[in-house]
Number of protein chains: 2
Amino acid sequence: MTETMPPTGLRFLKSALTEDNAFQTTEEAVAWLHATGKERKLLVNQIPFSELGEWSSAEGSGDLVHKSGKFFRIEGIRASTDLGPLPEWDQPIINQPEIGILGIIAREFDGVLHLLMKANMEPGNPFGVQLANAVQATRSNYTQVHQGARPPYLEYFLERNHSRVLVDQLQWEQGSAFLRKRNRNIVVEVTEDVPVLDGFRWMTLGQVKKLLTYPNLVSMDTRTVIACMSLCQPRGADQASASLSPFGVDILASFNSTHAMLSDDHLGSWLTDLKCRHQLTLQHIGLDRITGWDRDGHQISEQNGRFFRVIAVDVQSDSREVVHWSQPLIASVEEGLIAFLATKIDDVLHVLVQARVEPGSADTVTVGPTIQCALGYHSRSGGGEHAPFFDLVQDAAPETIRYSAVQSEEGGRFYRVENEYRVVEIENGYELSLPPNYTWVTLHQLQELLRYGLVSVEARSLLSCLPLT
Amino acid sequence: MTETMPPTGLRFLKSALTEDNAFQTTEEAVAWLHATGKERKLLVNQIPFSELGEWSSAEGSGDLVHKSGKFFRIEGIRASTDLGPLPEWDQPIINQPEIGILGIIAREFDGVLHLLMKANMEPGNPFGVQLANAVQATRSNYTQVHQGARPPYLEYFLERNHSRVLVDQLQWEQGSAFLRKRNRNIVVEVTEDVPVLDGFRWMTLGQVKKLLTYPNLVSMDTRTVIACMSLCQPRGADQASASLSPFGVDILASFNSTHAMLSDDHLGSWLTDLKCRHQLTLQHIGLDRITGWDRDGHQISEQNGRFFRVIAVDVQSDSREVVHWSQPLIASVEEGLIAFLATKIDDVLHVLVQARVEPGSADTVTVGPTIQCALGYHSRSGGGEHAPFFDLVQDAAPETIRYSAVQSEEGGRFYRVENEYRVVEIENGYELSLPPNYTWVTLHQLQELLRYGLVSVEARSLLSCLPLT
């Protein structure tokens with residue numbers, strides 16, 4: 001099968017460029033999501049920590065833990081680093097060491113890859129239902145360690161006799177809120193019939209990308225998996241051409257160009273140098289001992305209203321099978337801004353990336369977007385310092401904004417955490433004077449860094465939103 | 001300068017294929033090393049731990065530490081995993097968290113890159129002197145935290161106005177003996193005159209590779225940097241042709257072929273799957289509490305004679321400036337075997353790699369050579385179990401052995417730790433039945449994995465030895 005197929009990147013591109021779908025139009029998909037959201041609801045109420053039921057404060061540390069020892073913990077850490085505005089700070093962080101599966105099932109219909117998508121409810125979703133990938137499973141789920149049914153469709157990822165892998169990468173979650181948490185982002189293709197259960201639909205990648213122009217309709221899990229669907233072609237493959245993008249250049253050329261401001265070797269050296277030059281040390285001190293944060297019966301919050309808040313919620317589903325649980329969640333303090341500056345250099349689209357230190361990241365530095373003003377010490381609206389280029393993005397003229405939509409973070413851990421994702425194009429961006437931890441990269445270079453797990457989830461999420469046409 | 005140059009991979013290849021050198025022949029280089037070894041000596045004597053001077057056992061843990069808190073520590077850990085022959089074991093491990101610099105300076109003479117190499121002495125070197133890269137510096141060295149002169153040539157790596165980076169990668173040390181220790185492997189090119197100090201010589205890469213056919217002449221640090229000098233060409237570059245290798249195929253084609261038994265995507269998926277499937281947990285328990293090891297006044301050794309021994313040495317140089325110090329070192333229990341099985345698949349050379357769990361590695365699994373019987377629980381000579389394919393390599397017919405030489409591990413931490421490095425070619429290797437954690441990769445694929453820090457130092461070292469002609 002492999003031999004006669006076009007390269008996977010081309011097949012993703014073809015799907016990304018079409019909204020034609022024999023099962024439903026994009027408008028019908030939107031209507032379906034809205035209808036599902038009205039039909040099925042999660043009742044979510046904020047509760048005091050004392051009513052968390054199976055969750056409690058661990059003896060000695062005060063960390064929030066589940067009585068089973070499973071799921072996740074919210075711990076107190078002290079971070080120190082020599083890159084960024086703060087040399088040392090304390091914060092709560094989610095410790096969930098298991099690798100989860102974020103899985104998309106793909107199947108070709110009429111020569112175009114379609115993705116099996118789910119109308120999914122999470123307690124932290126802003127409107128309840130979001131378009132999500134078919135499978136989100138923790139290791140406990142798929143190894144059946146604890147009770148509960150095996151999630152549907154998981155077998156396509158665990159047993160490969162009926163599926164073929166198109167994408168399979170380990171990717172990191174938010175380093176500002178998760179302690180070294182990664183998920184397996186995986187796309188499998190099936191060639192046989194797949195039963196389409198209630199709440200699932202086949203959609204083209206172009207339809208999903210269209211839904212990404214709406215606020216909060218597509219889950220973060222889906223955005224990160226989509227970002228792994230590289231449009232880059234393998235070495236030596238014929239180069240295809242896409243239609244003209246909003247940037248006035250062939251976007252596929254930017255995903256495949258070998259012309260870059262910085263050669264691949266120099267880009268690697270830039271990252272190596274920053275990893276060597278800067279340090280990050282973490283110390284687990286326990287939620288009881290973090291300084292600069294206030295804890296009352298209902299929330300743990302930073303004293304200057306920055307970072308995020310830890311709250312507790314009670315969740316009840318009103319579907320036929322009554323489900324009821326409570327859990328801690330991370331809530332934001334305001335809407336954030338996650339953005340790329342983009343520019344054309346020799347007709348190849350480049351985006352400006354920032355090497356960031358994040359407490360929960362795997363290495364000293366991670367490649368992030370130009371602006372990542374979310375869940376951190378910078379307030380978007382508040383006065384005071386901002387990271388470089390913030391004003392350039394925040395105050396961008398409307399005609400230079402190539403993408404803007406509010407998207408929410410994963411609703412199983414984040415309570416209505418919404419960020420504006422934005423792409424701003426500037427002229428002659430290479431003339432900007434850059435701090436040492438910033439550089440322009442092509443989409444090809446970004447996708448290659450991403451493939452090796454070096455790109456933050458915020459930058460991946462933003463890449464998934466990048467308009468192609 | 002960059003624009004008009006041939007691709008770096010081609011320039012490395014040209015240097016790798018020539019031993020012509022206006023400064024000295026390869027024979028003269030060997031003679032120079034031997035002469036230097038006679039002229040300059042380190043007097044190394046094993047001493048009891050009690051005479052270690054500035055080193056002592058830390059209160060509570062028994063870990064071996066320097067009184068300054070600097071340099072490195074030898075700690076006791078407990079490791080557990082579900083991949084490999086042992087589910088749980090204790091061992092000493094070197095904890096040296098700093099990123100060091102392993103630097104090579106390159107300059108073109110007569111159109112061929114030459115490398116500035118050093119006749120270097122380390123206490124653990126089998127014959128005292130080895131050919132080494134110009135600079136080995138710890139972070140303390142280059143930030144001048146502690147006393148001592150800044151090593152010569154370091155400025156070419158720290159200040160780049162007179163040099164240009166050809167290679168710059170973070171690479172991991174032995175995961176069996178170091179706790180997450182990595183070094184910056186860096187090659188810079190200079191175009192101006194470089195003063196050649198006493199004890200340094202310009203050599204082509206071909207000359208260094210020739211010296212790798214001798215036992216113990218080239219340092220491990222140099223081998224890992226050389227392994228980073230990729231012979232792969234960038235996308236779209238004209239493909240050059242090398243002469244016929246001992247494998248009967250154009251070796252450059254194997255470094256550049258896009259034909260592989262496993263596609264790059266499937267190779268990535270293979271590694272992702274193993275990282276998800278297997279677990280490694282480490283616990284610091286202290287040297288005083290490790291089980292299965294005996295400690296007397298002179299050594300810490302495993303009760304069944306496996307792994308390695310920790311010893312203490314006193315070191316004195318007999319050069320004009322009298323230098324005298326003592327330190328712990330890791331000694332081996334026997335000569336090990338580090339080997340690739342190689343085979344041609346559609347005329348492209350593939351090597352068999354093994355995903356291994358090592359206690360000090362950065363991730364659950366690391367890509368290692370086919371056989372890595374060194375510093376671990378497998379004894380090469382002893383009876384009992386061996387890893388898969390051991391007999392195939394150990395008992396290989398002489399005419400199928402494409403490379404064999406004894407090489408020693410880094411002499412600043414390892415006391416005369418010698419391993420045979422071997423490459424064995426087999427016919428129709430793809431017919432071998434492979435355990436799930438083994439796969440055939442092309443040299444191109446191995447080099448790409450290496451570029452992102454996913455390949456063990458043993459496999460890198462062996463790759464540096466691979467004969468091209």
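Q: How many salt bridges does the count come to over all chains?

A: In this predicted model, the count comes to 47 salt bridges over all chains. Between chain A and chain B, the count is six.

Q: What makes the pair Asp273(B) and Arg184(A) a salt bridge?

A: The criterion is a side-chain nitrogen of Lys or Arg within 4 Å of a carboxyl oxygen of Asp or Glu. For Asp273(B) and Arg184(A) the N to O value is 3.0 Å.

Q: What describes the interface between chain A and chain B in terms of residues in contact and area buried?

A: On the side of chain A, 36 residues are in contact with 37 residues of chain B. The area buried between the two chains is about 3,000 Å², with carbon and sulfur atoms giving 43% of it. There are also 10 residue pairs in polar contact between the chains, both residues being at pLDDT 80 or more.

Q: Which elements give two or more residues to the side of chain A that touches chain B, and which gives the most?

A: The elements are strand E10 (164–172), strand E11 (182–190), helix H8 (264–277) and helix H10 (443–451) of chain A. H8(A) gives the most, with 10 residues. By class, this side of chain A has eight nonpolar, 13 polar and 15 charged residues.

Q: Why are H6(A) and H11(A) called roughly perpendicular to each other?

A: Helix H6 (residues 220–227) and helix H11 (residues 457–465) of chain A pack at an angle of about 75 degrees, and their axes are 8 Å apart. Angles of 65 to 115 degrees count as roughly perpendicular, so H6(A) and H11(A) receive that description. H6(A) contributes Met220(A), Arg223(A), Thr224(A), Ile226(A) and Ala227(A) to the contact, while H11(A) contributes Val457(A), Arg460(A), Ser461(A), Leu463(A), Ser464(A) and Cys465(A). These residues divide into six nonpolar, three polar and two charged.

Q: What makes H6(B) roughly perpendicular to H11(B)?

A: In chain B, helix H6 (residues 220–228) packs against helix H11 (residues 457–465) at about 75 degrees, with the axes 8 Å apart. This angle falls in the range of 65 to 115 degrees, and H6(B) is therefore roughly perpendicular to H11(B). The contact of H6(B) with H11(B) has six nonpolar, three polar and two charged residues.

Definitions and conventions. Residues numbered from 1 in each chain as written. Chains lettered and ligands numbered in written order. Predicted model: local features only at pLDDT ≥ 70, side-chain atom pairs only at ≥ 80, totals over all residues. Heavy atoms only, no water. Axes fitted to C-alpha atoms, helices over the stretch in contact; angles between N-to-C directions. Helix = DSSP H or I, 4+ residues; strand = E, 2+ residues; numbered from the N terminus. Parallel < 35°, antiparallel > 145°, perpendicular 65-115°, else oblique. Contact = heavy atoms within 4.5 Å. Nonpolar A, V, L, I, M, F, W, Y, C, P; charged D, E, K, R; others polar. Buried area = accessible area lost by both parts, 1.4 Å probe. Polar contact = N/O pair within 3.5 Å; in protein donor to acceptor, adjacent residues only side chain to side chain.
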